[in-house]
Amino acid sequence: MTNQSVSSILEDLTAAGKAFDSDQPGAREALIDRSRALVAALEMPSEFIQRSFWAEPAMSATIRIAVDTKLFQLLRDADEAGLSPADLAQKTGVDVVLLQRLTRHLVAMYLISFRDGVFYGTPLSNQLAAENYQDSISFCYDTARPSFNKFPDYFQQTEYKSPVIGSLNGPFQHAHSTQLHFFEWLTTNPPNLKHFNSFMSAYRAGKANCISDVLLVDVGGGSGHDVAHFIAQYPTHPGRVVLQDREPVISALEATSLSLYTASAHDFFTPQPICGARAYYLHSILHDWDDERGVQILRNLVPALRRGYSRVLFNEIVVSEERPTLAATSMDMMMLAHFAVRERTEAEWRAILAEAGLKVVHIYTYPGVAESLIEAELA
């Protein structure tokens, strides 16, 4: 890359820095991207290899050790006093010579700091001390990384052909010497399932492309009848109300409607872009789809939920197995005839939600009304 290209990247960094100082959306991400571009422009091949295949793998391994020894928590709790090598070695149970070698590398990678003979946490390492990130590190190192490491061997054996979708002979099975499905393996090999669930909850945490001041998101809400009714009934509601549907539906909305709520195009088979809303509302969405596609919809929604806060509200028919109503069974016949899918019983609803990482909080039913309201949260 030429010097002019480096100069252009530096100009971009300056502009992104000014945008960051004025708290413009996307500025932080731009700074990170341009910083990486600068490194790529300046690194020699030998430096690239050293960083990619020595420094970063060694950092990952050391961070995984830090999880087992509570190193980040100890530095976080020590706060501004920090910990000497001897104190940190005593608290972690790691030989002081080994500890200094490992932590020295973390200092070189700007993850922790060392000055005047004392180790200190950084804002990043202090955040990584939280349980969900500790579990995420364990998942990424213990479960995900072996699959990546086995890519060359696996694809050489398969003559570089894509694995069959849904097969039990993919890179994961090859790496972990199993014939189990990914989720079955997690369940039968604790604490991997707990680590994975934490990873999913932390995946989008703190990312600026998520909207955090939203009260209600109507997923696949069509022309907005439900959100308009909600706003009319609760005109002083706190937080924003967002309507989502496919681009043709959103573009056809009248301007008067858009003054009541925010409307945005979204395909619910792609990741939910609005994170941490109080409620996500799906009215007669999942009954259009079989269990596999229904779970796919939910798994695109689950990472956006904030544990202990966000709720998913399903306005759907819950077929009674003992006393089914005509409204429920007739709709079930319609779905059978036209979509080859079904209306679900309570047991079937609980099963599909559980598969996607959700649990039922309560099911609200109303006399004479075909549909029920299923309130769910992260499992």
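In which helix do Asp 68 and Arg 64 both lie, and how many residues apart are they? Both belong to helix α3, which spans residues 45-69, and they are 4 residues apart, about one turn of the helix. This briefing concerns a predicted model.

**Salt bridges**
- The side chains of Asp 68 and Arg 64 form a salt bridge, with an N to O distance of 2.9 Å.
- Across the whole structure, a search finds 18 salt bridges.

**Annotated domain**
- The unreviewed UniProt entry carries the annotation "domain: O-methyltransferase dimerisation" for residues 59-128.
- Within residues 59-128, 66% of the span is helix and 9% is strand.
- The end C-alpha atoms of this span lie 14 Å apart.

**Helix α3 against helix α6**
- Helix α6 covers residues 96-108, and its axis comes within 10 Å of the axis of α3, the two crossing at roughly 120°.
- On the α3 side, the contact is made by Ala 55, Ala 58, Met 59, Thr 62, Ile 63 and Ile 65.
- On the α6 side, the contributing residues are Leu 102, His 105 and Leu 106.
- By class, the contact of α3 with α6 comprises 7 nonpolar and 2 polar residues, and no charged ones.

**Helix α3 against helix α8**
- Helix α8 runs over residues 131-149; the axes of α3 and α8 come within 9 Å and cross at roughly 125°.
- That angle makes α3 oblique to α8.
- Here α3 passes α8 in a left-handed crossing.
- From α3, the contact draws on Pro 57, Ser 60, Ala 61, Ile 63, Arg 64, Ala 66 and Val 67.
- From α8, it draws on Gln 134, Ile 137, Ser 138, Tyr 141, Asp 142 and Arg 145.
- The residues of the contact of α3 with α8 divide into 7 nonpolar, 3 polar and 3 charged.
- Arg 64 of α3, listed in the contact with α8, is also the salt-bridge partner of Asp 68.
- Ile 63 of α3 is listed in the contact with α6 and in the contact with α8.

**Helix α16 against helix α18**
- Helix α16 (residues 291-301) packs against helix α18 (residues 346-355) at an angle of about 50°, with the axes 9 Å apart.
- That angle makes α16 oblique to α18.
- The crossing of α16 past α18 is right-handed.
- Asp 291, Gly 294, Val 295, Leu 298 and Arg 299 of α16 meet Ile 352, Leu 353 and Glu 355 of α18.
- The contact of α16 with α18 has 4 nonpolar residues, 1 polar residue and 3 charged residues.

**Backbone geometry**
- Most residues other than glycine have a negative phi, and most peptide bonds are trans.
- The peptide bond from Pro 190 to Pro 191 is cis, with omega near 5°.
- Pro 191 is found in the loop between α11 (182-188) and α12 (192-202).
- Asp 116, a residue other than glycine, has a positive phi, near 55°.
- The position of Asp 116 is in the loop between β1 (113-115) and β2 (118-120).

Definitions and conventions
Residues are numbered from 1 along each chain as its sequence is written. This is a predicted model: local features need pLDDT of at least 70, side-chain atom pairs count only at pLDDT 80 or more; totals for chains, interfaces and linings use all residues. Side-chain values use heavy atoms; hydrogens and water are left out. UniProt positions are given in the numbering used here, feature names are shortened, and annotations may be inferred rather than shown by experiment. Axes are lines fitted to C-alpha atoms, for helices over the stretch in contact, and angles run from 0 to 180 degrees between N-to-C directions. Angles under 35 degrees count as roughly parallel, over 145 as roughly antiparallel, 65 to 115 as roughly perpendicular and the rest as oblique. A crossing is left-handed if the near helix is turned anticlockwise from the far one by less than a right angle, and right-handed if clockwise. Contact means heavy atoms within 4.5 Å. Ala, Val, Leu, Ile, Met, Phe, Trp, Tyr, Cys and Pro count as nonpolar, Asp, Glu, Lys and Arg as charged, and the others, Gly among them, as polar. A salt bridge is a side-chain nitrogen of Lys or Arg within 4 Å of a carboxyl oxygen of Asp or Glu.
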